Amino acid sequence: MFDKLGAKGIVGVLLLLGGIAVIALQNLIIAAGIGLVVLGFVLTAWGLVSGLMSSFGLGGMMGGGGGGFQ
């Protein structure tokens, strides 16, 4: 998985986790809420991208979600 992210993607994930950790030091409930928002955003983007790819016949490339022809 990490080879597909690249160096910038790994740094971005580390910054995201670090930011949530800093917030968690102050208030754990707010950090949990921000984590859920980020997770929801990622799942929504994944669904949109896999749906778009399946409409072009590339549904199996995103690891599920799209459907496509079996």
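Leu 5, Ile 10, Val 13, Leu 14 and Leu 17 make up a nonpolar surface patch, with about 410 Å² of accessible area together. Patch members have over 30% relative accessible area and no salt bridge, with nonpolar side chains joined within 5 Å; a salt bridge would be a Lys or Arg side-chain nitrogen within 4 Å of an Asp or Glu carboxyl oxygen. Areas are Shrake-Rupley values with a 1.4 Å probe.

This is a predicted model: local features need pLDDT of at least 70, side-chain atom pairs count only at pLDDT 80 or more, and totals for chains use all residues. Residues are numbered from 1 along each chain, and side-chain values use heavy atoms, leaving out hydrogens and water.

Val 13 sits in helix α1 (residues 2–26). Its relative accessibility is 36%, so Val 13 counts as partly exposed (buried is under 20%, exposed over 50%). Overall, the chain has two helices and zero strands, taken as DSSP runs (H or I, at least four residues; E, at least two). Of its 70 residues, 10% are buried.

UniProt, in an unreviewed entry, puts "transmembrane region" at two stretches; such annotations may be inferred rather than shown by experiment.

Now for α2: at its start, a side-chain oxygen of Asn 27 comes within 3.1 Å of the backbone nitrogen of Ile 29. Ala 31, Ser 50, Met 53 and Ser 54 are buried in α2. Just past this helix, Gly 57 has a positive phi of about 85°.

Notes:
Buried means under 20% relative accessible area, exposed over 50%, partly exposed in between (1.4 Å probe, protein chains only). Patches are made of residues with over 30% relative accessible area and no salt bridge: like charges are joined within 9 Å, nonpolar side chains (Val, Leu, Ile, Met, Phe, Trp, Tyr) within 5 Å. A polar contact is a pair of N or O atoms within 3.5 Å; within protein, one must be able to donate a hydrogen and the other to accept it, and residues adjacent in sequence count only if both atoms are side-chain atoms.
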